[in-house]
Amino acid sequence: MIPYTSQNLLSAKIVAIGYWRIAFLASILASACSCFLRVEISFLHGQSSESVYFSLLTAHGLLFVFLVLVPIGQGYLNWWFPGQTGTWDFIWPRVNMGALLGVEWSTAILLLFWLPGGWNPGWTMYPPLASFQQGFSIDCIIAGIHALGVASGAGSSNAVVSFRLLILPFSRKELSIFVWSQFVAAVLFIGTIPSLALGLLGILLDRTTSSSWFDPSGGGDPVLYQLLFWFFGHPEVYVVVLPSFGVLSASLEANSGLYGKEGLISSVSCLGVLGYLVYAHHMFTVDLELEVKLLFSSGTMAIAVPTGVKVYSWMVSVRSGSLDTLQTFLPLLCFLATFIGGGLTGIMLSSSTADVLLHDTYFVVAHFHQVMAIAAFLAFACGVHWLGMMSHGGAIILFTIATMTIFLPLYGAGLCGIPRRVPSMLYEASGFLVPGYLGCVLAIMAIILYLIFL
């Protein structure tokens, strides 16, 4: 453990440890919410009130997206970025530490003001439902998300400026894929976080000043909020997964060499561009024109090309290289199984016709959990070995089996039209949701085993 002294307080590695501590705390709370939700929908009759269910559902989503997955990537950024670029630290170390302190205080605000009753509209925070719930704590939660965005934006800006001001004796193409992935993710975050801030500001004004930005009864447009939210929300997926791809690629590069490095750099850049342009595929059930649906559906399908390049490069790297340690091979193998399965279902959802049928069903839940959450965790696990710690291969395999047990049956539930966000299990869904209860127990066992041997 690095000691806290006046000499190294601003060190990027101290900041990395701070981010990982936030992620660890938030992951405990978010996983507890997830277990409650899984138990709730595994029985025919609800065990709690709908208010508690939807409040925990909202907390689960917000915690995992903003305070677990993103801080893990930020931790790796601070731990590896200076060393892989040949520098001592970021260009603005104090801004870097300030960003961490801002995230910590924002986390405290979110958790403190959630206790009086929480917020019920789901992690997407759609109005007018988000505008009608009473309570001062909700206004403070919105303010906390704003503060979190400002702090994270400062950290991302520091990474972008540090990348652009690098003085290297070689071409930037020779930099690690990890550095490129973090750079593109930071650019995506900086470009889209103002959109979320505007949307939440509109909700806050609707709640406090009787305005009608998103309230149809006053002439507002709820679809405008969806547009603002998903312009941020879809690039946020790549803000989460690109750093995990970078960790995976860096681990392969250190172990067995990386096949097609320039192609990987191009695919990362392409994902960054396309990430801005396909947000409306979350809105196919809105009354969009046919030409608009065709445009965004085609763009979503096009994302499969750079993603396929990355998967092909990883697989060839494993086949042609010599992975001499199971610490990297097992998480990589589990990652590929999870990511390829979840990615193929994403191609299905890219069709606007199929999306209309599967929208707001458990099919979508299984897809984005496998791609955005489980695959990202497994990719990050590939880098644990290079942090001087050991990861238990059996725990990784058990965790993958557990998540498959949870989410694979949900694809069947979605194809049968079972809607998500229902506080109690529907009779028709019993065969699909009950196995998830066993999967939840196995996942808890795997996580405990992993932490014991870490």
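The largest cavity has a volume of about 170 Å³. A cavity here is a set of points, on a 1 Å grid over the protein atoms alone, where a 1.4 Å probe fits but cannot get out, and lining residues have an atom within 4 Å of a point. Grid points are joined across faces, edges and corners, and the volume is the space filled by probe spheres set on the points. The coordinates are a predicted model, in which local features need pLDDT of at least 70 and side-chain atom pairs count only at pLDDT 80 or more, while totals for chains, interfaces and linings use all residues. Residues are numbered from 1 along each chain as its sequence is written, and side-chain values use heavy atoms, with hydrogens and water left out.

The largest cavity is lined by 19 residues, of which Val70, Gln74, Ser152, Ser156 and Val239 are the closest to its centre. Helix 2, helix 5, helix 6 and helix 7 (222-255) each contribute at least two lining residues, and the largest share, seven residues, belongs to helix 2. Helices are DSSP runs (H or I, at least four residues), numbered from the N terminus. By class, this lining has 14 nonpolar, five polar and no charged residues. In this scheme Ala, Val, Leu, Ile, Met, Phe, Trp, Tyr, Cys and Pro count as nonpolar, Asp, Glu, Lys and Arg as charged, and the others, Gly among them, as polar.

In total there are three cavities of 30 Å³ or more.

Next, the packing. The largest nonpolar core has 139 residues, and Tyr76, Met125, Leu196, Leu242, Trp314 and Phe335 have the most contacts inside it. Helix 2 (residues 50-84) gives the largest share of this core, 18 residues. Such a core is a set of buried Ala, Val, Leu, Ile, Met, Phe, Trp, Tyr and Cys residues joined through side-chain atoms within 4.5 Å. Buried means under 20% relative accessible area, exposed over 50%, and partly exposed in between (1.4 Å probe, protein chains only). Leaving aside residues up to four places away in sequence, Met125 touches Leu62, Trp119, Ala130, Ile145, Leu196, Leu200, Ile203, Tyr225 and Phe229, a contact being heavy atoms within 4.5 Å.

The charged pairs come last. Side chains of opposite charge can pair when their charged atoms come close. With a salt bridge defined as a side-chain nitrogen of Lys or Arg within 4 Å of a carboxyl oxygen of Asp or Glu, the count comes to three. One joins Asp139 and Arg207 at 2.8 Å, N to O. Asp139 lies in helix 5 (residues 136-164) and Arg207 in helix 6 (residues 177-208), so this pair ties together parts that are 68 residues apart in sequence. Both Asp139 and Arg207 are buried.

Another salt bridge pairs Asp360 with Arg420, with the closest N and O atoms 2.9 Å apart. Asp360 sits in the loop between helix 12 (352-358) and helix 13 (362-381), and Arg420 in the loop between helix 14 (393-415) and helix 15 (430-453), 60 residues apart. Asp360 is partly exposed at 33% relative accessible area, whereas Arg420 is buried at 17%.

Lys261 and Glu253 also form a salt bridge, with 3.2 Å between the closest N and O atoms. Lys261 counts as buried at 19% relative accessibility, and Glu253 is partly exposed at 29%.

Note on methods:
On a 1 Å grid over the protein atoms alone, a cavity is a set of points where a 1.4 Å probe fits but cannot get out, and a pocket is an open set with protein on both sides within 12 Å along at least five of seven lines; lining residues have an atom within 4 Å of a point.
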